[in-house]
Amino acid sequence: MLENTGVSTPAGKQHPLGTSEPTEPSTPGDAVEPEEREIPEISYDEQRYPARPRRLRPRDQLRGGSLRRFTNDPRTANGTNPSYVEWLVRQSMLKDADVLSRTLSGKPSMWRNPYARPNARKAIETSDVWFTAYPISFITRLDESFLQALGSEALWDAFQKIGINGIHTGPVKQAGGITGWQHTPSVDGHFDRISTQIDPEFGDEEAFRHLCDVADSHGGSVIDDIVPGHTGKGADFRLAEMAYKDYPGAYHMVEIPPEDWHLLPDVPEGRDAVNLDAEREAVLSEHGYIIGELQRVIFYTPGVKETNWSVTPPVVGTDGLERRWVYLHYFKEGQPSINWLDPTFAGMRLVIGDALHSLGDLGTSALRLDANGFLGVEKSAEGLPAWSEGHPLSHAANHIIAGMVRKVGGFTFQELNLTMEDIRDTGAVGADLSYDFITRPGYHHALATGQTEFLRLAMTTALATGVEPVQLVHGLQNHDELTYELVHWATAHRDDVYPFRGGEVTGGELAETIRAELAQKLTVDADYNLIFTQNGIACTTASLIAATQGKASLADIVDDDVPGIRDAHLLLAKYNAWQPGVFALSGWDLTGTLTLPAEEVRALIASGDTRWIERGAHDLLDSSPEANFSRAGMPRARSLYGSLPAQLEQPGSFLLGLRDVIEVRREHGIAVATQVDIPRVAHPSMLVMVHRLDNGDATLADAQLQITALNFSEQPIEGTVHSEALVPGSLVRDAATGESIARVDDLNSFSLELDAYGGRFLLLEAPEPGDEPYPLTGVINVIR
């Protein structure tokens, strides 16, 4: 499955941005003899190795050289074949970056935009409701590419009717790796980028530019991806293995001298690397080659990924020498990590070049920063894991990336699943927006248990920490798992004590409780959602809701269940849309798509990546009703709601309910408002959010107050809304109906009824002299 996502490029194919002139490889400098080593002037008391490298001094070899030996076989795919090396250089991202950067250097356009400080509200004003696409899962017409489908007038007409004004394309550039002369498929859903070229599987640059033009004509914008944390094993990494020019400096990779190869595991025939086990990681750290254990092992899987380090077999370099390298990869073995603090700054140049290509050449408005919280690593005190999360270098690198994007007129958002302090500090200088990993597990837990206590704790903690919801992208489903690592609680605050369920628990205990309850309800009680390593749960929004409603198998979900699933789905849409920040949702949300049966993607999940069950193919426009697979080979998944055109004509559909939710959101400017309170509630299933509709201007004394009131239960509830922010005597109106439903009493409260999975967008009007002092009553109408 998905074997056709890899693209083979014949030898000698010219990269559009490359050059055809031969490139003369340079020869690395010879090692300095041990007796030339200086005594370091800088002490480093946390380890027993000198902090300064061997004496830095000019050598003739640094001015370039020639190959020591050449091959006579043009088919040879290693560093001894100049044609092969040139072929790799022409398609490398670093080469493209050098070309692209020169087109902008010295241009007046580089000085027209402020860039130093993030500006969430300015970004939101560009587009505030996003559709997050996933290319591999998109069903199109037989003669249509993914990018052509995204750029269709019919799709944007539908989006405009719903209220969607931004598209996040997902990763569409070439990804995977290169082995010999052949490209190999992606190992992580195209997040292992190896080129600035659009993958022909998804379209071409002309189709991408057309998409941007169509979006602009509909008042929308296009958001692309860059991956500042890693690449795939493409041309750049293969050149790095060959010790060619600046390329090794692009990665966290260390050459191990032959006399210590006995410390390394053997690499089996047919493999290009093997993961180090913890024992060898410790040995190499003790010998001073690597910094050793990191703070955590993302995607930990016994026998597959036990550490964040892997080792190559002997690789022939451009100087004819064989080398073995140990390289860092926070994620999968095929995703070598980029080094942001190497003297060549090759990694920085590579990433900035990719960003400039998207913004300046393709025409996008913004970029998503993937894995941007892992850009700095540093050895810690003896016996402690290396410092790899919340590192100042990550903040500095993010400031550079986001500043460059703002400098050319765009904005960025980040998927940073770290502590709230990390999100706050990185967001203070880096990306304009951050994905909402803070409350996303909380609202899933609220739906699963019918209790909002943990969700309210997460929201109030965020406000107290300095992370406002206006800085966040509040999303339903995307391509990733339902993340429940709860990093804030499980790591830096694991020993802190929090009130919970009438007692006190530590952050670590809280995280364990929430994870256990989510896993039980969503995976043990329902066989169609699966645990994904230690990170979270693979599910769609619709399959998550079905599990919370007691459906044990996919066969148990029948047509009569769809209205209940739809109502809960709209509740989650109201939660995400009726607070400050961006509201995001996917094709799986718009169509109510369920997970795929595991046997349909058995080959894809064999290595433990269960996320493939949630990435079923879907057809937004009924473009190919008979198609059982997407162009990339993903099986079509079951849709509960149907296509966009069908729903737009169907009274009571999820899409028409969603349209009403977005209309209320936009009419009252909640996206750029200020959240002032998450009060305690009278019913455990109730959530209340209080906002000032002030566009972020705290000096606006007469800003109207707004209340979002939600019921996470499948039963109707009634309770009292109380907040010190409410002004006694204020009239409470329902924004959807205009109906007056209550008046705030002298205890800063009023009573409210909510339907099952109900949600109300309430507006408060300041009291006038002579206003009726008693509460008003009326029929409750809830947007469905």
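Reader: What makes the residues listed for phenylalanine 712 count as its contacts?

Author: A contact requires heavy atoms within 4.5 Å. Phenylalanine 712 meets this with Tyr443, Ala446, Leu447, Gly450, Thr452, Leu455, Leu571, Leu572, Tyr575, Ser685, Leu687 and Tyr757, where residues up to four places away in sequence are not counted. This is a predicted model, in which local features need pLDDT of at least 70 and side-chain atom pairs count only at pLDDT 80 or more, while totals for chains, interfaces and linings use all residues. Residues are numbered from 1 along each chain as its sequence is written, and side-chain values use heavy atoms, with hydrogens and water left out.

Reader: Which residues have the most contacts inside the largest nonpolar core?

Author: They are Phe131, Trp489, Leu658 and Phe712, in a core of 145 residues. Such a core is a set of buried Ala, Val, Leu, Ile, Met, Phe, Trp, Tyr and Cys residues joined through side-chain atoms within 4.5 Å. Helix H17 (residues 562-577) gives the most to this core, nine residues; a helix is a DSSP run of H or I with at least four residues, a strand a run of E with at least two, both numbered from the N terminus.

Reader: Why is arginine 193 called buried?

Author: Its relative accessibility is 2%, and buried means under 20% relative accessible area (exposed is over 50%, partly exposed in between, with a 1.4 Å probe and protein chains only). Arginine 193 therefore counts as buried. The residue belongs to strand E6 (residues 193-198).

Reader: What makes the approach of arginine 193 to aspartate 225 a polar contact?

Author: The side chain of arginine 193 reaches the backbone oxygen of aspartate 225 at 2.8 Å. A polar contact is a pair of N or O atoms within 3.5 Å; within protein, one must be able to donate a hydrogen and the other to accept it, and residues adjacent in sequence count only if both atoms are side-chain atoms.

Reader: How do you know that the span of helix H10 is close to the expected one?

Author: The expected span is 1.5 Å times one less than the number of residues. Helix H10 (residues 392-407) has 16 residues and reaches 22 Å from its first C-alpha to its last, close to the expected 22 Å. Just after H10, glycine 409 has a positive phi of about 95°.
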